[in-house]
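Biologist: I have a model on my screen and would like to know how its features get their labels. Could you walk me through a few of them?

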Amino acid sequence: MHILLLVSAFNGLSQRAWTALCAEGHQVDIALADIGAEAIAETVADLGPDLIICPFLKHRVPEKVWSSWPTVIIHPGPVGDRGPSSLDYAITDHERLWGVTALQAVEEMDAGPIWATRTFAMPERPGSKSALYNGPVADAAMECIAEVVEKALDPGFLPTPQEEAERAVPHATTRPLLRRDERLFDWSQPAAEIVNRIAASDSTPGVRTELGGMTVHVYDAHLGGAVDAGAQPGSIVGKYEDAVAVAAGDRRAVWIGRAKHPRKEGGSGVKLSAAAILGHVGAPHVEAPPSLREVDYERIGPVGVLTVRSHNGAMGTVQCRRILDALDYALDQDTSVLVFKGTPEFFSNGIDLNAIEAAEDPAREAWDNINAINDVCTALVTDTGQLTIAAYTASAGAGGAMLGLAADVALARDGIVLNPYYDIGLFGSELHTYTLPRRVGVEVAGQLLDDKQPVDAAGALHLGLVDGVGPRDPAAFDEWLIEQAELYASPENWRQTYEAKLRFLTNSRPPAYYAARELAEMAQDIFDDRSGFTAARRAFVGKQPLQAAHAAR
């Protein structure tokens, strides 16, 4: 089929849909929906698709389009749910069961007949709205998209009117946009409820509150332990690295990892670490809950496991240095295999563009950040004491996609997407000119870098970007990952992989040569702005649309 993906942004779900549909042999075009109704209609008429699917759409589909072409909206709610804040309400209302519905576009938004639907059990404690969206929602959406394509090939298929469709969530209904004032909480409320309300607004729009004498929007909330009985609700009672602990009404702590000064209050509107926003916090060091820790090391027999957590995948300068310290420690242990892994929500998206944009000297911060993440890559590439395995537990982009290639072995969870360097005005580093050709060859490496198109796990395995693909379920993947690591730890497998690494290190220029050449290019991009890095970074941070390389081609 000739399928058009009409999207408001080429986000993670849109990328998954594009890679899956292309892998099935369909001709797939992408058009951004922020170009206006007339331009959308002209684009669709020029392309003449058999089917239009909208995996991520905030804009209204023009009548000229939906009345002439079968157009299916992927809505992140069960049958009967309508409105732009479906996941926000699902988390806020502690829903136990939720779903995704593929419905035909009509004049009234979310009111069209049903093509497909899926339900899933809501996590007991959704980590954030973005984690929910990128996890069970995206998985259910992909199943719906596959069913839509199958039904579109059937000339006798007719979608089911909503009033005739079975409702898995009987109380699902039409609800308006959840407005900022309706998201507010009071620090006198129980900690779990505060965490839940922040989760429903993370990663956007956040929740406005008073903290440390400032008006801020808060994100990345985690439930902490007990606090002193005399602590006033809303007072900062502890800190851990870049996060702060705040007393809640039930004498428990709410940990805040990220915050921003809203523009309406005279701030920059850039989301940063809580410590960067609040400045010097005179609070004692307190151990953070595991869900907030940036690094965690565990030993399982001959295997060491280093888990790295980065908020929204961004790895800033300071975090990269902390990761490097933890990596040095892990590589110094007497294990034979080290697994370097992310969380089910994120692996890495490379350097922290928010922190760079907010810095007094953005060019200097960008330079420090790229050198810091390069140090992590170098430690993985040059280590000769252990075999290293990078585990793509979640999708990765830009420098984060290349970071995993620095390990001796790369494994991926089914359903993830690797997206090489974006059009952000940077040449790229992370030793990719050393590690990428080593895996896929010079010709394919050049094509990946020129096309800048996402690759799903199966495609990455076919190309040789990764060495294995494990189960889609995060818990099952973790079990599979340890099994694979233990197999690599066996003497025969270990020796073969280790000797192959030594041969490559010995018979090629040293990794430092490639890093130096990459940094020479990066210096011109960062300090001379030769390729528009400043404007592209500001557009990214400000969530302004960029003309995607994939759009309407």
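**Strands and a pocket**

Modeller: Gladly! This is a predicted model.

Biologist: What makes β17 and β19 (residues 417-419) a pair?

Modeller: Pairing needs at least two bridges between the strands. Two bridges join β17 to β19, and the strands run parallel, so they count as paired.

Biologist: Which strands make up the sheet, and in what order?

Modeller: The order is β17-β19-β20, an open sheet of three strands with mixed pairing.

Biologist: Why are β17 (396-397) and β20 (455-456) called edge strands?

Modeller: Each of these strands pairs on one side only.

Biologist: What lies across β19 and β20?

Modeller: That is helix α1 (residues 12-23), which runs at about 100 degrees to β19.

Biologist: Now the second largest pocket: what is its volume, and how many residues line it?

Modeller: The volume is about 480 Å³. The lining has 25 residues, and Asp 242, Arg 258, Ser 273, Val 318 and Asp 352 lie nearest the centre. The elements that give two or more residues are β11 (252-260), β12 (272-273), α8 (317-331) and α9 (353-358). Of the elements, α8 gives the most, with three residues.

Technical notes: Residues are numbered from 1 along each chain as its sequence is written. This is a predicted model: local features need pLDDT of at least 70, side-chain atom pairs count only at pLDDT 80 or more; totals for chains, interfaces and linings use all residues. Side-chain values use heavy atoms; hydrogens and water are left out. On a 1 Å grid over the protein atoms alone, a cavity is a set of points where a 1.4 Å probe fits but cannot get out, and a pocket is an open set with protein on both sides within 12 Å along at least five of seven lines; lining residues have an atom within 4 Å of a point. Grid points are joined across faces, edges and corners, and a volume is the space filled by probe spheres set on the points. Helices (H or I, at least four residues) and strands (E, at least two) are DSSP runs, numbered from the N terminus. Contact means heavy atoms within 4.5 Å. Axes are lines fitted to C-alpha atoms, for helices over the stretch in contact, and angles run from 0 to 180 degrees between N-to-C directions.
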